[in-house]
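Me: I would like a close look at a single part of this model, followed by an account of how that part sits within its surroundings. Please take your time and keep the description connected.

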Amino acid sequence: MTGWISDFMNHPATYLKSGWFQISVTNLLVILLMLTVFTLAILIPFPKDEEESKK
Amino acid sequence: MSEMWTAKLRNKWQKNLPIEKLLPDDQPAYVASWIYTFGVLTLSALGVIIFSGIILAFEGPAWYHTSHVGKFVNSLHFWSVQLFFVFMVIHLWGKFWMAAWRGNRFATWMTGAVAFIASIATAFTGYLVQTNFDSQWISFEAKDGFNSVGVGAWFTVTNLGQMLLLHVAFLPLILGALTVVHVLLVRKRGVVPPIDAEPTSLSEVKR
């Protein structure tokens, strides 16, 4: 691997610690991404079928 | 003369899951929401996992660890697992917050929950058979955990042959069966309505 991907991935994970609790930044980002997708899936309206909306 | 078991099974199947329910061509209005798409997204990811897994099994590690196409299919297998879990967890959150076990859907909920556990076991054995430093690290960390609960001699995470066979034969079979039953139960009971929605004909549950 070369470039920024290499710089980003070829080192040990960075961990956030608070007392007994610790989490890697990568895992935290994945969890935040999932929560974002979950929230958007509830909030964004589903496109309506054109034939259905004409009725 | 008593009815044959084939006829009994057929009648029971037709009563519980007629073809109109198995292959419906319309759904209740409340299904038109993005949160209802995550079940089928999970299934789609599982399809890619199974397809890429079959190719990996046929070609073997000498191919998927060295050739460009092999590395691509290996990565496809790995990344579709990541998407599978993301979709499955969002599906789980959605169903948990709408209390999807309502309306006699307990078995649907439970097969989904057990399929989630079976997925973790399948993914775990998958991580163990990567034959790289990552799998070595995971197996040696996990070995202490399994030994501490007394199952280390029976479920030996450092035994590559055992982990590979569990990963490619036994666990996919269990997960596949659970998925089929889960989907059939969804078709039988109908998609769960949101908590404040009026039940519609398709979501009404035969008690």
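What follows is a close look at one helix pair, and then at the chain and contacts around the pair.

Me: How do helix 5 and helix 6 of chain B pack, and which residues of the two helices meet?

Reply: Since this is a predicted model, everything below describes computed geometry. The pair consists of helix 5 of chain B, which covers residues 68-97, and helix 6 of chain B, which covers residues 106-128, and the two pack with their axes 12 Å apart at an angle of about 160°. Because of that angle, which lies over the cut-off of 145 degrees, helix 5 of chain B counts as roughly antiparallel to helix 6 of chain B. The crossing in which helix 5 of chain B passes helix 6 of chain B is left-handed.

On the side of helix 5 of chain B, the residues that take part are B:Val81, B:Met88 and B:Leu92, and they meet B:Phe116, B:Ser119, B:Ala123 and B:Gly126 of helix 6 of chain B. Sorted by class, the residues of this contact comprise 5 nonpolar and 2 polar ones, with no charged residue among them.

The setting of this pair is a chain built from helices: chain B has 8 helices and 0 strands, so that its pattern, read along the sequence, is α-α-α-α-α-α-α-α. The C-alpha trace of chain B spans about 55 × 50 × 40 Å along its principal axes, and 24% of the 207 residues of chain B count as buried. When contacts in chain B between residues at least 6 apart in sequence are considered, 73% of them join residues at least 24 apart.

The domain assignment divides chain B into domain 1, residues 35-98, and domain 2, residues 125-190, and the C-alpha centres of these two domains of chain B lie 15 Å apart. Between them, 4 residues of domain 1 of chain B are in contact with 4 residues of domain 2 of chain B, and the side contributed by domain 1 of chain B has 4 nonpolar residues, with no polar and no charged ones.

Finally, there is the contact between the chains, which takes 7 residues from chain A and 9 residues from chain B. The side of chain A that touches chain B is made up of 7 nonpolar residues, with no polar and no charged residues.

Technical notes:
Residues are numbered from 1 along each chain as its sequence is written. Chains are lettered from A and ligands numbered from 1 in the order in which they are written. This is a predicted model: local features need pLDDT of at least 70, side-chain atom pairs count only at pLDDT 80 or more; totals for chains, interfaces and linings use all residues. Domain bounds come from an automatic or database domain assignment. Ala, Val, Leu, Ile, Met, Phe, Trp, Tyr, Cys and Pro count as nonpolar, Asp, Glu, Lys and Arg as charged, and the others, Gly among them, as polar. Axes are lines fitted to C-alpha atoms, for helices over the stretch in contact, and angles run from 0 to 180 degrees between N-to-C directions. Helices (H or I, at least four residues) and strands (E, at least two) are DSSP runs, numbered from the N terminus. Angles under 35 degrees count as roughly parallel, over 145 as roughly antiparallel, 65 to 115 as roughly perpendicular and the rest as oblique. A crossing is left-handed if the near helix is turned anticlockwise from the far one by less than a right angle, and right-handed if clockwise. A residue is buried if 20 or more other C-beta atoms lie within 10 Å of its own, exposed if 12 or fewer, and partly exposed in between; C-beta atoms are placed from the backbone.
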